[in-house]
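Please look over the sheet and the helices packed on it before reading the points below.

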Amino acid sequence: MERGHWNRPVTYEEDDQGGYRTITSTEEAARALLLAWPVDKGKEYFEAQRICLAVLEGRQAPELAREAFLKAAAEAGVFVRDQ
């Protein structure tokens with residue numbers, strides 16, 4: 001099982017070609033933010049990275065990472081499908 005499993009997944013548009021990806025855990029979210037995010041700056045982007053790390057270290061609840069990921073997506077203009 002991925003670390004920091006989320007109760008509700010997040011599906012987002014990962015490219016301008018209409019490709020979607022579903023994130024179900026903090027580990028997947030951290031990987032997406034670090035390796036495949038459309039921007040590499042922004043307050044919410046860095047906050048999401050910080051919170052993901054805290055969750056992976058066991059210092060925060062996984063749902064906080066989900067919330068932070070959604071805020072980073074909004075900041076970056078990434079389309080998120082409502083789950």
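1. How many bridges join β1 to β3? Two bridges join these strands, which run antiparallel. Within this pairing, tyrosine 12 is opposite valine 80 in β3. Strands count as paired if DSSP finds at least two bridges between them; strands (E, at least two residues) and helices (H or I, at least four) are DSSP runs, numbered from the N terminus.

2. This is a predicted model, in which local features need pLDDT of at least 70, side-chain atom pairs count only at pLDDT 80 or more, and totals for chains, interfaces and linings use all residues. Residues are numbered from 1 along each chain as its sequence is written, and side-chain values use heavy atoms, leaving out hydrogens and water.

3. Three strands make an open, antiparallel sheet in the order β2-β1-β3. The edges are β2 (20-25) and β3 (80-81); each has a single partner strand, so one side of each lacks a neighbour in the sheet.

4. Strand β1 (residues 5-13) is joined to β2 by five bridges, and the two run antiparallel. Here valine 10 is opposite isoleucine 23 in β2.

5. Helix α3 (residues 62-76) packs on the sheet and touches β1, β2 and β3. Contact means heavy atoms within 4.5 Å.

Key: Axes fitted to C-alpha atoms, helices over the stretch in contact; angles between N-to-C directions.
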